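Reader: I would like to go through this model feature by feature. Please give the general idea each time, then the case at hand.

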Amino acid sequence: MSMQGKPLQGRTAWVTGSSRGIGRVIAEHLASLGANVAVTGTTRFSTRAFQEAESIDAVAEQLANTYGVRTIALWGDLTQEEVVRELVQEIHDKLGPIHILVNCAGGDIGVAGVTGPMAGKPAGNNAIDISLADIRAVLDRNLMTCILCCREVAPEMRDRREGWIVNIGSIAGLKGNETQAIYSTAKAAVHEYTRCLAALLRPYNVHVNAVAPGSTVTPRFVASRTVDEDRMVQDGTLTRYGWPIEIARAVGFLVSEGASYISGQVLRVDGGEQLWPS
């Protein structure tokens with residue numbers, strides 16, 4: 001790829017939840033744009049949950065070999081403040097300052113994890129029947145990981161007066177839902193936290209935005225529900241599912257020069273499924 005095709009060359013991106021699914025494709029897309037990438041999952045072998053790779057190390061190595069960038073593989077529980085701090089220090093030691101943070105860790109996943117029934121969706125998955133343990137697991141996985149990572153990385157961006165943060169929300173967090181109520185609540189909170197952080201960092205030239213995907217096809221998506229085969233097409237209509245690269249391209253835009261005056265926004269990437277004001 002030409003230098004012109006690598007607008008993120010020289011920058012370091014930390015993409016949480018990038019061992020598989022949407023996060024992995026975001027990490028690859030940013031690497032294709034020239035960014036050095038820290039690939040992160042909960043465990044070294046999070047990639048095996050849906051057979052997307054042998055290990056996080058393998059994902060990082062593939063990105064480095066394919067795109068000629070520097071990468072590192074990291075794993076740990078991002079709901080733990082000390083773990084987040086240690087991972088950030090490792091990124092600093094091996095890749096340097098963090099210019100781009102993409103908070104993609106999350107999912108409607110209860111305490112049983114992705115190996116549970118329906119790929120981890122909580123039982124009684126509504127506003128009153130979900131267990132307290134599942135409530136805490138979903139809130140921690142989606143909201144607390146985002147907050148803790150932002151708290152650790154944003155100060156260096158503020159001090160440098162440059163940075164890009166993209167939090168991955170969901171269109172589930174933009175309307176009331178009979179099911180997945182706690183996931184919807186968590187993602188709504190991610191959207192609002194994004195706005196609050198954007199307001200705080202605005203004077204310091206740090207861009208903070210969120211992307212809210214619609215239903216997007218990943219191996220876990222397929223494993224966690226009955227899919228509508230008519231919506232599995234990739235073009236010809238917008239009444240279809242999205243694909244991870246379409247989310248990744250939106251993230252790529254928000255960390256590019258094209259988004260130089262955009263901050264505090266929640267960008268729906270859903271093919272027009274939601275059309276009312278956010």
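**A buried asparagine**

Author: Asparagine 209 lies in strand 6 (residues 206–213); strands (E, at least two residues) and helices (H or I, at least four) are DSSP runs numbered from the N terminus. This is a predicted model, in which local features need pLDDT of at least 70 and side-chain atom pairs count only at pLDDT 80 or more, while totals for chains, interfaces and linings use all residues. Residues are numbered from 1 along each chain as its sequence is written, and side-chain values use heavy atoms, with hydrogens and water left out.

Reader: Does asparagine 209 count as buried or exposed?

Author: Buried means under 20% relative accessible area, exposed over 50%, and partly exposed in between (1.4 Å probe, protein chains only). Asparagine 209 has 1% relative accessibility and therefore counts as buried.

Reader: Which backbone nitrogen does the side chain of asparagine 209 reach at 2.9 Å?

Author: That of glutamine 265. The side chain also reaches the backbone nitrogen of glycine 264, at 3.2 Å. Contact in the wider sense means heavy atoms within 4.5 Å. Leaving out residues up to four places away in sequence, asparagine 209 touches residues including Ile165, Thr194, Leu254 and Ile262.

Reader: What describes two packed helices?

Author: The angle between their axes and the distance between the axes. Axes are lines fitted to C-alpha atoms, for helices over the stretch in contact, and angles run from 0 to 180 degrees between N-to-C directions. Angles under 35 degrees count as roughly parallel, over 145 as roughly antiparallel, 65 to 115 as roughly perpendicular and the rest as oblique. Helix 1 (residues 21–32) and helix 7 (residues 244–254) pack at about 50 degrees, with axes 8 Å apart. The two are therefore oblique to each other.

Reader: At what angle do helix 4 and helix 5 cross?

Author: At roughly 15 degrees, the axes of helix 4 (residues 132–160) and helix 5 (residues 181–201) coming within 9 Å. That makes helix 4 roughly parallel to helix 5. Among the residues that meet are Ile135, Leu139 and Cys146 in helix 4, and Tyr183, Ala186 and Leu197 in helix 5. By class, this contact has 16 nonpolar, 1 polar and 3 charged residues; Ala, Val, Leu, Ile, Met, Phe, Trp, Tyr, Cys and Pro count as nonpolar, Asp, Glu, Lys and Arg as charged, and the others, Gly among them, as polar.

How values were computed: A polar contact is a pair of N or O atoms within 3.5 Å; within protein, one must be able to donate a hydrogen and the other to accept it, and residues adjacent in sequence count only if both atoms are side-chain atoms.
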